[in-house]
Amino acid sequence: VVSSVSAQKMIGSETDAQKDQRMEWWKDSRFGMFIHWGLYSGAARHEWVKHNEKIDNEGYQKYFDQFNPDYFDPNKWAKSAKAAGMRYAVLTTKHHEGFCLFDSKYTDYKAPNTKAKRDLVREYVNAFRAQGLKVGFYYSLLDWHHPDYTIDEIHPQSPADKSDASYAKLNKNRDMAKYRQYMRNQITELLTNYGKIDVLWLDFSFPRSDGHGKGKDEWGSVELLKLIRKLQPGIIVDNRLNLEEYKDGADFETPEQVSTAELAKYRGKTWETCQTFSGSWGYYRDENTWKTHRQLLDLLITSVSNGGNLILNVGPTARGEFDYRATNALDSLAHWMHANDQSIYNCTFAPDTYKVPEGTKLTYNKKTKKLYVQLFDYPKGKLILPGYAGKIKYAQFLNDHSELLYKPTGSDDLEVTMPAKPPYEIPVIELSLN
Ligand code: JFZ
C-alpha cells in the first residue's frame, strides 16, 4: 500500500515500513570506507586530472600502460577498514576516466588488460565480505573515455567556443543511446556477477538549461533505477541520478565535503556525508592538507549526533596500498573506536529533552536508552549536565567503564566530578537513563 505518497511520483511500490527495514543495517552502521582507485592514482594529482589538464585518450594512455598494482591486497584494506570500525565500503568500479577495475565484456579498457591481469573488483568483494563488511560499488555515470559519450560542458575536450554548432560538430559521431546501453550492460554485470551488493553509489548529474549538461534524460535514470531494483532488490542507492521529483528516486542524500557546522541541517533526513583525508579523492601525493585525528573524529561524531553516516575516503596508491598517512589516520581511528564505538553504532541524535552540555556533543541509542556525552572540550574539574536531575541512574567513562560520581547542584542540574586529565582523546561519558 503506498497511500502516503499523494502527489509525488514513484518508480517502485515499496512501503515506508519496507524501506525502513531495507535501510536498517546501513543506518545502524554509521561509518563506512570510500575507496577511490583508478589510473589517476598513478598521476597522483587528483582523480579529475584528465579533465583538469585537458588530456585526451591518447595522452592518458600512459597511465593504463604503466598501471601495475604489485602491492594490491584487498585483505589488508578490509582488515584496516574493519579495525577502524567501518562497517561497509564503496569502491570505484569505474570513475569519470572510464577505466574499469572489473572484468567487463563491453570494454577493453579494464584492469584484466593491464599488468594487473585480473578482475580487481572480485578480489575486493571477496576480501571485504570475508571481514564481515557490507560491500558497495561506486559507478560513474560520466565517462571521459567512451566513444559514444557526448562531449559536454565538463568533458576534458569541452570546446572553447560554446555555441551549439561547435558542440554538434564534436558530437556528430557520438550516440548517448549507445552509451546508455553500455551503462545498463555494465551495471547488469556488476549486479549479477558478484553476489549480493549492498550499496550502489552512482555519480553524478549536472543538468544544464543550455543542453550541454547531463541529467535523468541523458542517463536514462528511471530505467536504470528500475533495472537496479530488479537485479538487487535489497540494494541501497544514492541520490545523484537527478530523480528528485520521485519519492523513491534515492535512498539517501550525499552532502559532500561539507563542514561539521552544516551537518545539523540534515537532521531527520537519511544521509551520508562523504569526506576525504586531504581534499582530493584519488591519491594525491603532494597534497599537504591532511585532516587531524581530532578533525576526523569530529566529522564522525557530528554525523552521528545529527542522525547520519560518515563515509571516509582512502585513495590507494598506484601500487595498490594505503600510504602511510592514510594508514596512520586509520590506526588512530581504530584506537578510538575500540574504546568508544558503542557511542557510534545504532546511535542518532538525542531527544530534545536532553540539553547539550557545554563543549560536548550528544549521541543516543534508542534501544538501550544510553546517552553518550562526547567531550570535545575537556571540562575543568566538573561537568554540568543542565536539567538532568532525576533523569539518569549511572555514569561512567565508555573507554574503561570507570564510574563517574555526580550530585545534584540544588537546581535541576547535575554536576559530574571529572578527573584532572582526560583519560582519552575526546573521551565519552555513558549515561544510563531512567
Ligand atoms: C564527485 C566526483 O566528481 C568526485 O571525483 C568524487 O568521486 C566525489 C565523491 O563525487 O564529485 C561531486 C559530485 C557531485 C557534487 C559535488 C562533487 N555535487 O552534487 O555537489
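Helices and strands on this tour are DSSP runs numbered from the N terminus: helices are H or I with at least four residues, strands are E with at least two. Residue numbers start from 1 along each chain, following the sequence as written. You're looking at a predicted model, where local features need pLDDT of at least 70 and side-chain atom pairs count only at pLDDT 80 or more, while totals for chains, interfaces and linings use all residues.

**Stop 1**

Select R30, in the loop that joins α1 (16-29) to β1 (31-35). R30 isn't a glycine, yet its phi is positive, about 70°.

**Stop 1: the seven-stranded sheet**

Follow β1 into an open sheet of seven strands with parallel pairing, ordered β5-β4-β3-β2-β1-β7-β6. Two strands pair here if DSSP finds at least two bridges between them. On the edges, each pairing on one side only, sit β5 (236-237) and β6 (272-275). Now zoom in on β3 (residues 134-140) and β4 (residues 199-203), a parallel pair with five bridges. Pick F137 and you'll find its bridge partner in β4, L200.

**Stop 2**

Where does F204 sit? Look in the loop between β4 and α9 (216-219). The peptide bond leading from D203 to F204 is cis, with omega near -10°.

**Stop 3: two helices crossing**

Two packed helices are described by the angle between their axes and the distance between the axes. Show α5 (residues 74-83) and α6 (residues 120-130): their axes come within 8 Å and cross at roughly 35°. Axes here are lines fitted to C-alpha atoms, for helices over the stretch in contact, with angles from 0 to 180 degrees between N-to-C directions.

Contact means that the C-beta atoms of two residues, placed from the backbone, lie within 7 Å. Colour by class and you get seven nonpolar residues, one polar and one charged.

**Stop 4: across to the other domain**

Colour domain 1 (3-341) and domain 2 (360-433) separately; the bounds come from an automatic or database domain assignment. Taken over C-alpha atoms, the domain centres are 38 Å apart. How many residues does each domain put into the contact? Domain 1 gives ten and domain 2 gives ten.

On the domain 1 side, the elements giving two or more residues are α11 (293-304) and α12 (324-340). Of these, α11 gives the most, with six residues. That side of domain 1 divides into five nonpolar, four polar and one charged.

**Stop 5: the four-stranded sheet**

Last, select the open sheet ordered β8-β9-β14-β11, four strands with antiparallel pairing. Its edge strands, β8 (360-365) and β11 (392-397), each pair on one side only. From one strand to the next, the twist averages 20°. β8 pairs with β9 (residues 370-375) in the antiparallel sense over six bridges. Finish by clicking T360, which stands opposite L375 in β9.

Methods. Ala, Val, Leu, Ile, Met, Phe, Trp, Tyr, Cys and Pro count as nonpolar, Asp, Glu, Lys and Arg as charged, and the others, Gly among them, as polar.
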